[in-house]
Amino acid sequence: MIRDITIGQYYPAQSRIHSLDPRVKIVCTLLFLVSLFIQNSLLGYVCATVFLGMVIHLSNVPLKYILKGLKPIVILLLFTVVMNLFLTRGGGTLEHFWIFTITEEGLRTSVFMAVRLMYLVAGSSIMTFTTSPNGLTDGMEKLLHPLNKVNVPVHEVAMMMSIALRFIPILLEETDKIMKAQMARGADFESGNIIQRAKAMVPILVPLFVSAFRRANDLALAMEARCYHGGEGRTKMKPLKYHGRDRAAYTLTLLYVVIIFVVGRFVPFKLWIF
Amino acid sequence: MDMIHAEQLVYEYDKRDEEGNVIGTNRAIDGVNIDVPQGSFVAVLGHNGSGKSTLAKHMNAILVPTGGTMWVDGRDTKDPEELWNVRQTAGMVFQNPDNQIIGTVVEEDVGFGPENLGVPTDEIWKRVEESLRSVGMIEYRKASPNKLSGGQKQRVAIAGVIAMEPKCIVLDEPTAMLDPNGRREVIRAVEKLRKEKKVTVILITHYMEEVIAADQVFVMDEGHIVMHGTPREIFSRVDELKSYRMDVPQVTMLAEELRKRGLDVPRGILRREELVEALCRLR
């Protein structure tokens with residue numbers, strides 16, 4: 001159940017996206033996220049869909065896997081859609097019953113908002129699916145390296161992030177185990193109102209935290225035993241180097257951003273209300 | 001030259017009550033002398049709380065003795081200047097396979113140690129490949145450690161240590177959390193390494209079956225070394241072992257019981273075949 005969460009996980013495969021430099025993937029993902037916000041029109045979203053579809057296709061990550069990653073945001077998604085649908089006013093009224101009014105603007109905003117949210121999550125999860133957390137760490141470290149000069153511990157932060165990612169599946173598995181153990185002892189996580197259910201989570205969180213601390217301690221020992229002493233004097237097994245394909249990826253993404261900006265802003269194309 | 005040499009080693013830690021006030025000291029290790037010659041296979045046995053893991057942690061300078069001295073390849077572990085050299089010389093494998101794998105891809109994890117040592121990139125790749133091959137995990141090099149079994153994870157952890165090219169490997173109960181299959185896998189990998197790479201192996205365990213191939217066995221109890229000898233010598237003292245709350249391998253136990261009932265079976269039988277042979281000779 002809880003282990004089905006695929007967001008933030010690495011999906012090992014061989015693909016053109018996998019073999020890109022992590023820096024490219026980080027920068028391009030950011031550009032993609034920005035591109036979703038600089039426009040708000042049907043054609044813009046078509047552009048984004050084409051781009052995202054192309055990347056997903058190239059990444060060899062099954063679409064099902066990506067959709068599974070969207071599961072955790074379903075509630076947020078529904079909430080946003082409903083809120084936008086009923087609360088945004090503008091344009092002609094499409095439907096009116098009792099106290100609810102759906103306007104053209106409301107429908108438009110809620111649909112676009114839903115798509116935008118889904119693309120945000122799908123876009124960033126493509127990055128984590130295709131980049132090993134160590135790659136991500138390396139990428140971040142390299143990209144943020146200039147900050148080292150102003151005493152930001154870039155290497156340490158990057159290392160912390162990659163370890164956190166590595167332990168997500170382990171801690172999820174553990175949560176599952178603890179939940180089952182508590183259920184076997186008669187704990188009830190399903191009934192009652194929200195407050196009661198939140199309270200029922202305490203017997204899960206406490207052992208989970210205790211175990212997380214113990215793991216952290218063990219891991220720190222293991223890292224020290226393997227001579228880890230911060231970023232100084234460390235070499236890289238996979239040093240980052242830009243190749244032709246990385247430059248191509250940068251070019252394509254920049255091209256996409258320009259297109260989506262121009263098309264989304266300056267091409268007046270409307271299909272019904274969208 | 002001894003790989004590991006300890007003289008009058010003492011490790012004390014404060015005992016605390018629930019509020020964290022010191023109410024006394026505990027001696028986890030009390031006056032231990034130990035010599036491990038280079039290239040040998042030494043096993044340390046002991047039940048829970050006997051101090052065997054604490055002793056192991058001294059060999060890697062994770063813990064520093066409060067009394068006495070520990071030398072690893074001639075280096076005093078108390079000397080902060082030598083800390084990283086000691087840790088490179090004596091690699092350590094821990095009990096929990098999940099909590100010692102840092103990388104999210106098998107090969108990246110194996111490369112973690114050499115990266116820390118500042119080994120050049122090409123050399124790291126060579127070492128990673130070689131060490132994965134030596135533990136038989138080369139076909140999993142691109143896999144995620146989460147998808148491996150306990151025995152496989154532990155073999156990856158061993159490869160991670162091998163890649164640092166230590167002279168000595170300390171295995172702190174590497175099989176305690178594994179099923180019998182995983183246990184066999186790990187022990188086999190360790191034995192193979194010992195033969196191929198001529199590294200010194202120190203195996204901390206409470207499974208008697210795993211120490212049969214050892215050159216020397218130390219038995220610990222309450223911070224002391226109470227028995228020392230070859231596996232055969234140790235296992236011929238069944239009653240003494242039992243007084244230290246240790247289990248004896250089934251075959252050895254059976255032979256001992258038979259001997260007590262008056263059958264002429266030699267002491268210290270370690271393998272099933274030996275017992276069969278001894279029994280056949282009786283007729």
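1. The model is a predicted one, in which local features need pLDDT of at least 70 and side-chain atom pairs count only at pLDDT 80 or more, whereas totals for chains, interfaces and linings use all residues. Residues are numbered from 1 along each chain as its sequence is written, and chains are lettered from A and ligands numbered from 1 in the order in which they are written.

2. Chain B contains 10 helices and 10 strands. Its radius of gyration, taken over C-alpha atoms, is 20 Å, close to the 19 Å that the globule rule (2.2 Å times the number of residues to the power 0.38) gives for 283 residues, so chain B is as compact as a globular protein of that length. The C-alpha trace of chain B spans about 65 × 50 × 40 Å along its principal axes.

3. Chain A has 10 helices and two strands, arranged along the sequence in the pattern α-α-α-α-β-β-α-α-α-α-α-α. Its C-alpha atoms fill a box of roughly 70 × 60 × 40 Å along the principal axes, and 27% of the 274 residues of chain A count as buried. Two residues are taken to be in contact if their C-beta atoms, placed from the backbone, lie within 7 Å; among contacts in chain A between residues at least 6 apart in sequence, 78% join residues at least 24 apart, and the corresponding share in chain B is 63%.

4. In chain B, six strands form an open sheet of mixed pairing, in the order β6-β7-β8-β3-β9-β10. The edges are taken by β6 (90-93) and β10 (224-229) of chain B, each of which has a single partner strand, so one side of each is left without a neighbour in the sheet. Neighbouring strands of this sheet are turned by 20° against each other on average, direction ignored, where axes are lines fitted to C-alpha atoms (for helices over the stretch in contact) and angles run from 0 to 180 degrees between N-to-C directions.

5. Within that sheet, strand β3 (residues 41-45) of chain B has five of its five residues buried, so β3(B) is largely enclosed by the rest of the structure. Both of its faces are covered, with B:Phe41, B:Ala43 and B:Leu45 buried on one side and B:Val42 and B:Val44 buried on the other. In general, the side chains of a regular strand alternate between the two faces of the sheet. β3(B) pairs in the parallel sense with β8 (residues 200-205) of chain B over five bridges, and also in the parallel sense with β9 (residues 216-221) of chain B over four bridges, where B:Val42 stands opposite B:Gln216. Strand β7 (residues 168-172) of chain B runs parallel to β8(B) and is joined to it by five bridges, B:Val170 having B:Ile202 as its bridge partner.

6. Helix α5 (residues 150-162) of chain B packs against helix α3 (residues 106-117) of chain B at an angle of about 35°, with their axes 7 Å apart. On the α3(B) side the residues are B:Val106, B:Asp109, B:Val110, B:Phe112 and B:Gly113, and they meet B:Val156, B:Ala159, B:Gly160 and B:Val161 in α5(B). α5(B) also lies across β6 and β7 of chain B, running at about 165° to β6(B).

7. Strand β1 (residues 93-97) of chain A has zero of its five residues buried, so β1(A) lies largely in the open. Four bridges join β1(A) to β2 (residues 100-103) of chain A, and the two run antiparallel, with A:Glu95 opposite A:Ile102. The hairpin of β1(A) and β2(A) has two residues between the strands, and A:Trp98 takes a positive phi near 45° in it.

8. The contact between the chains takes 28 residues from chain A and 34 residues from chain B. On the side of chain A that touches chain B, α6 (133-143), α7 (154-184) and α9 (202-225) of chain A each supply at least two residues, and α9(A) gives the most, with eight residues.

Methods:
Buried ≥ 20, exposed ≤ 12 C-beta atoms within 10 Å, placed from the backbone. Pairing = 2+ DSSP bridges.
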